[in-house]
Structure formats: C-alpha cells, structure tokens
Amino acid sequence: MTTESLARDLSRERPPRVSLRRRLRRNLRGYVFVLPWIISLLVFTAYPMLASFYFSMTDYSVLKPPVWTGLQNFKVMFTQDPLYWKSAYNSAYYTLLSVPLQLVIALVLAMMLNRKARGIGIYRTIYYLPSLMPVVAGTLLWMLLLNPRDGLINEALSFVGLPKLGWLQSSAWSKPALVLMALWGSGWLMLIFLAALKDVPESLHEAAMIDGANSWQRFWAVTLPLLTPSIFFNLIMSIIGSFQVFAQALIAGGTGNSSGPLNSLLMYMVQLYRYAFLYFEMGYASAMALVLFLVLVAITLVVVKTSGSWVYYESARR
Amino acid sequence: MQRTHVPANLAALRRRRRLRRILSIGIEQLVLAAVAVLFLIPFLWLIITSLKPIDQVFTSPPQWIPEPVMWSNYVDALGSPAFPFFLLLRNTLFYVVLSTIGVLLSGALVAYGFARMDFWGKDTLFAITLSTMMLPGIVTLIPTYILFRWLGWVGSYAPLIVPAFFGSAFNIFLLRQFFLTIPWELTDAAKVDGAGDLRVFWQIMMPLVKPALLVVGVLNFMYTWNDFFGPLIYLTKSSEYPLVMGLYAFQTQHGIQWNLMMAASLAVAFPIILLFFFAQRYFIEGITLTGLKG
C-alpha cells in the first residue's frame with residue numbers, strides 16, 4: 001500500500017554507529033512508544049486469529065468449556081445445514097450485484113463532481129450526505145420508502161406506469177432493495193474516486209486534446225488508467241464490506257424466525273450472529289467466521305494477483 | 001448546410017459557439033441538480049413523515065405536506081419510555097468521547113514511534129500494521145468476545161472503549177503519514193536543548209499535528225456514534241444503550257409508528273450531520289487519505 005513511503009524510510013541514512021548500550025537504550029525508548037500497539041496486536045489480533053482456528057474445531061456453548069470435535073462443525077456446515085448455503089448464497093448474490101453497481105455509480109458521480117461547475121461544493125456535500133446516515137436510521141428510512149403498499153418508491157413507479165414491487169416483503173426483490181440502500185450511501189467510494197480524479201494532471205488531457213482525442217477517448221486512454229489504483233482499492237474494500245453486510249439485513253429482515261421473506265435477507269453475517277449471540281454456539285460460529293475469512297482472503301489475493309495486468313502505477317513507470 | 005468561410009459569418013459562428021456553451025452549462029447544472037434531488041428526496045421524506053399524523057404516513061397519492069404539522073411527534077418520540085433520548089444521548093457521548101480520547105492518545109504515541117524513533121523490527125512491525133488494515137474483522141470477532149466475557153466485561157462499555165487506548169491500525173497509519181511531513185529540524189532542536197522523547201512528543205509534535213488529530217478525532221467520533229454491531233453484542237441492559245441501539249430497540253417494539261420512528265431517526269442522525277458541516281474539511285481529508293497512494 002505504501003511501498004513508496006516504506007522505501008523512503010529505509011533509504012534514510014542511519015545515524016552513525018554508537019555503542020551497544022546506547023543503541024539498546026534507544027531501542028527501548030522506541031518500544032515504549034509502540035508498546036500499546038504491540039499489546040493490541042497480540043491481544044486483539046494475533047491471539048483471536050489463532051484462537052478462532054481452535055474454537056472452530058470445538059463444541060463451545062460459552063457456559064461450558066469447549067469440547068474438541070475436530071472437523072465436525074465444518075461437516076455439519078457444508079453438508080447438513082441448508083441455511084448455511086442459503087446465507088452464503090444471499091451474501092454472494094448481494095456482493096455480486098452491489099459491488100459493480102456501487103463502483104460504477106460512485107465513479108460517475110465523482111466525474112460529475114470533478115467538473116468546474118457553479119455550486120459544485122454544495123453538490124458534493126449533498127451526494128455525500130447519505131453515507132453519514134447512521135445505518136439503523138438509514139435502514140428504517142428505506143423500509144418506509146420501500147413499503148410495498150404505498151411507499152414513496154412504489155408511488156413513483158406507478159406514477160410512471162410501472163408495476164409496484166414487493167421490495168423487502170418479496171423474496172425476489174429484497175436483496176435488490178438492500179442494494180438500492182447501498183447505492184444511496186456509496187458516497188465514501190465517490191470521495192476516494194474524486195480525490196484520484198483531482199490528481200489526474202491537466203497537461204495529459206491537453207496533450208490528448210491536441211492529438212485530436214474526443215472526450216470519450218480521453219476518458220478511456222487518460223482518466224481510466226490513472227484511476228485504476230483507486231478502483232483497485234475501492235474494489236477490495238467494497239467486496240470485503242459487502243460480504244460482511246449485517247445491520248441493514250438484520251433490521252430489514254425483522255425479528256421473526258425467517259430473516260426476510262423465505263430467508264432472502266439471511267446474510268452470512270446475520271446467520272453467524274444468530275449462532276454466536278442468540279444460540280451461543282461459539283464453535284460453529286467460529287467455523288463460519290473462519291470460512292468467510294479464508295474466502296475473503298482468497299478473493300483479495302486473486303484481485304491483487306490480477307492487479308498487475310490492469311492497475312497502472314505511475315511510480316512504476318518512472 | 002453548406003460551410004462558408006466568409007468573414008461575415010464569423011459573428012454568427014461565435015454566437016452559435018456561445019449558445020452551445022451556455023447550453024452545455026445548463027445541461028450540466030440540470031444533471032447535477034437532478035441527481036441532488038434524487039439523493040435529497042429520502043431525507044425530505046424523513047422530515048415530512050416525522051411531522052405527519054400516523055394515518056397520513058401511507059397514502060396514495062403521497063401527501064407532501066402534513067396536515068396538521070405534528071411537532072408533538074418529536075415530544076412523543078423523544079419522551080417515550082421506549083426511546084429515552086437524553087439517557088441514550090448521554091450513553092452515546094460517554095462511548096464516543098472516551099473512545100476518541102483513547103484513539104487519539106494511543107494513535108499519536110504509536111505513530112510517533114513509527115515516524116521518529118528507531119528500533120529493531122520497526123519496518124516489519126509497520127508492514128504488519130498495514131496488513132491488519134486489510135484483515136476482515138470477522139476472524140477475530142468471536143475469540144475477542146470470549147476474551148471480554150472471560151474478563152467479565154460483557155454488559156459494559158469496556159470492550160468498546162478499552163481497545164481504543166491500545167491503538168488501531170488505520171489511525172496509526174494516518175497519523176504516521178502526517179508525522180513524517182514534520183521537518184526533523186523542529187524536533188532535533190528541542191533534543192539538543194535536552195528535551196526527552198516524551199517531552200518532544202507532547203510539547204512539540206502534538207501541537208504541530210493538530211489538523212491530523214482533528215481528522216482522526218472526527219472520523220472516530222462518527223464511527224463510534226454510528227457503531228451498531230459493537231453495542232449490539234456487548235451491551236445487555238437497555239438503560240446502557242447508545243442512540244443507534246435505542247433506535248433499533250424502539251423499532252422492534254413500535255415498528256408501525258413510522259412518524260415517531262422517523263422523528264427518532266432524525267434525532268439520531270442530526271448531530272452527526274451537524275458535525276459533518278462543521279468539520280467537513282477534516283472529514284473529507286481523512287476519507288481521501290484512506291484511498292490515496294493506494
């Protein structure tokens with residue numbers, strides 16, 4: 001991520017050789033500063049990561065000590081728990097639908113905001129505003145807007161002659177409804193794109209214009225390649241975020257036995273939450289968490305591996 | 001149409017070009033404004049609904065002006081025993097303020113260590129720090145919960161606040177980047193005068209990086225204000241809930257009183273939107289830094 005700054009640090013000249021005792025003392029002083037973080041890494045990252053491997057192979061109800069069961073949790077999960085696959089399917093469906101749409105819309109909005117139009121600061125604030133909404137408040141608002149009977153969205157649909165949809169009350173439309181919410185709140189992706197667009201040098205556009213490139217060609221040949229690092233970053237972040245979508249699905253899914261109609265809002269995280277904090281089956285929930293973790297790491301690695309062919313780093317060119 | 005190069009046509013050509021420019025500016029503004037309306041209508045509907053009597057919430061065609069305007073909805077929602085606003089606000093501020101103090105203190109201290117100190121394994125440690133930023137939090141969730149349960153902290157704010165005092169990767173990274181931009185001469189001079197590292201850090205570095213501290217503070221303020229998952233799993237008593245949890249509890253109990261629910265939602269969202277307007281510059285700076293140099 002910051003290979004550049006890392007390299008800069010490494011290349012800075014080291015202070016001249018000093019006695020071992022002074023070096024020891026200097027090291028000690030350095031460790032004093034980063035000590036809280038070392039503790040945090042050990043206690044809140046390293047230990048839980050290792051422990052989750054162990055817990056995932058136990059039957060653990062919190063009240064009684066964990067009982068070793070080997071791969072039993074994974075076996076049940078993959079072969080005997082239809083809701084597990086339902087939740088995995090729902091989250092994958094949601095991710096596949098929302099990530100591309102979010103990225104495209106955020107990019108289009110960012111490009112609109114990158115123009116030198118009057119009042120652009122106000123527009124930027126307005127486009128960004130929805131992402132400030134606390135997720136609980138935002139979800140309640142969208143449940144109101146998407147009400148199947150006389151919600152505002154359905155009123156708008158029937159106003160233009162389209163049929164009203166069931167949205168969160170229909171198993172087919174509940175996930176697109178969540179995607180709609182995500183699109184409304186994709187302002188943070190937009191801001192990251194906007195920052196990258198501001199870094200595209202004007203001179204490159206001028207050079208392309210002199211060569212006779214129209215605005216569409218300039219977008220493909222100049223803007224887009226320079227944006228690939230931020231597309232790469234936003235892609236990874238939104239995949240990880242979408243796979244772990246939780247609060248919206250939990251709230252919109254309701255408190256009944258089924259999460260949304262026919263469990264269509266039973267996202268992976270909702271299912272995991274139920275096992276861990278409602279049924280207190282920590283072993284099974286750990287196994288679920290571990291699988292999701294490995295899947296996300298694998299997806300990230302695939303994106304990183306392929307990034308060499310489509311992400312353009314300016315620093316590499318120099 | 002036939003193209004001519006007679007000078008008399010030059011004025012017409014110029015006029016046409018001007019017209020086209022005005023037209024394109026007009027279209028640009030139209031598109032920008034149309035999208036803005038699309039983004040704002042939900043907010044508008046939130047406010048309108050919060051002021052309606054309950055029987056006007058769902059009507060066909062939609063009713064845009066409440067009749068009468070029910071200001072009392074706010075009194076009813078915020079005074080309702082199911083949504084004790086001021087108690088929830090107090091809990092939220094307790095969480096937000098303590099967590100932000102923790103994040104600032106630990107973040108600055110550790111970032112100073114990374115930016116200014118020398119110790120064995122520093123680069124490895126920093127690389128690990130960066131990689132944890134990408135780590136999906138899901139894998140640490142359950143063992144961390146079990147750890148806090150073992151400590152007897154479940155049912156209190158300790159699991160939400162104590163970790164903040166030990167630093168978080170993103171804030172450390174952000175502050176370190178700022179610290180690196182401070183010229184060495186400034187801190188070296190103080191060292192020559194005999195100031196220790198802690199004094200240099202506290203009396204020279206901290207005042208210099210105030211804007212960076214503001215960025216981190218504002219981002220953490222917003223994050224904790226909106227945090228739903230942490231309070232959901234760690235808090236057990238409704239009298240200890242922060243605002244967002246209070247709103248969730250209100251919805252599960254009074255899910256059909258849309259007008260009151262929207263009034264409560266606005267009350268939860270309003271302070272954070274207000275903060276955004278005051279701290280917009282710092283906030284956007286922080287967000288863009290996240291993706292910068294990606």
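This briefing walks through a two-chain model, chain by chain and then contact by contact.

The model is predicted, so local features are given only at pLDDT of at least 70, side-chain atom pairs count only at pLDDT 80 or more, and totals for chains, interfaces and linings use all residues. Residues are numbered from 1 along each chain as its sequence is written, while chains are lettered from A and ligands numbered from 1 in the order in which they are written. Chain A has 15 helices and two strands, and chain B has 13 helices and zero strands. Where the two meet, 79 residues of chain A are in contact with 75 residues of chain B.

**Chain A overall**
- Chain A has a radius of gyration of 25 Å, well over the 20 Å that the globule rule gives for 318 residues, so it is more spread out than a compact globule. (That radius is taken over C-alpha atoms, and the rule is 2.2 Å times the number of residues to the power 0.38.)
- The C-alpha trace of chain A spans about 65 × 65 × 35 Å along its principal axes.
- Buried residues account for 39% of the 318 in chain A. (Buried means 20 or more other C-beta atoms within 10 Å of a residue's own, exposed means 12 or fewer, and partly exposed is in between, with C-beta atoms placed from the backbone.)
- Take the chain A contacts between residues at least 6 apart in sequence: 67% of them join residues at least 24 apart. (A contact means C-beta atoms, placed from the backbone, within 7 Å.)

**Chain B overall**
- The C-alpha trace of chain B spans about 80 × 65 × 35 Å along its principal axes.
- Of the 294 residues in chain B, 39% are buried.
- Among chain B contacts between residues at least 6 apart in sequence, 76% join residues at least 24 apart.

**Where A meets B**
- Back at the interface, 79 residues of chain A touch 75 of chain B, and the largest share of the chain A side, 20 residues, comes from helix α2 (residues 20-55).
- The chain A side splits into 57 nonpolar, 14 polar and eight charged residues. (Nonpolar covers Ala, Val, Leu, Ile, Met, Phe, Trp, Tyr, Cys and Pro; charged covers Asp, Glu, Lys and Arg; the others, Gly among them, are polar.)

**Helix α14 of chain A and its partners**
- The axes of α11(A) (residues 215-243) and α14(A) (residues 282-310) come within 11 Å and cross at roughly 165°. (Axes are lines fitted to C-alpha atoms, for helices over the stretch in contact, and angles run from 0 to 180 degrees between N-to-C directions.)
- That pair is therefore roughly antiparallel. (Under 35 degrees is roughly parallel, over 145 roughly antiparallel, 65 to 115 roughly perpendicular, and the rest oblique.)
- Residues in this contact include Phe232(A) and Ile236(A) from α11(A), and Leu296(A) and Thr300(A) from α14(A). By class, the contact has eleven nonpolar, three polar and no charged residues.
- Helix α3(A) (residues 72-80) packs against α14(A) at about 70°, with the axes 9 Å apart, which makes the two roughly perpendicular.
- Asn73(A), Phe74(A) and Met77(A) of α3(A) meet Gly283(A), Tyr284(A), Ala287(A) and Met288(A) of α14(A). Five of these residues are nonpolar, two polar and none charged.

- Thr300(A) sits in α14 of chain A and counts as partly exposed, with 18 C-beta neighbours inside 10 Å.
- Leaving out residues up to four places away in sequence, Thr300(A) touches Ile236(A) and Met134(B).

- Pro61(B) lies in the loop between α1 (8-50) and α2 (72-79) of chain B, and Pro68(B) is in the loop between α1 and α2 of chain B.
- Asn263(A) has a positive phi near 55° without being a glycine, and it is buried, with 20 other C-beta atoms within 10 Å.
- Phe280(A), not a glycine either, has a positive phi of about 50° and is partly exposed, with 13 C-beta neighbours inside 10 Å.

Key: Helix = DSSP H or I, 4+ residues; strand = E, 2+ residues; numbered from the N terminus.
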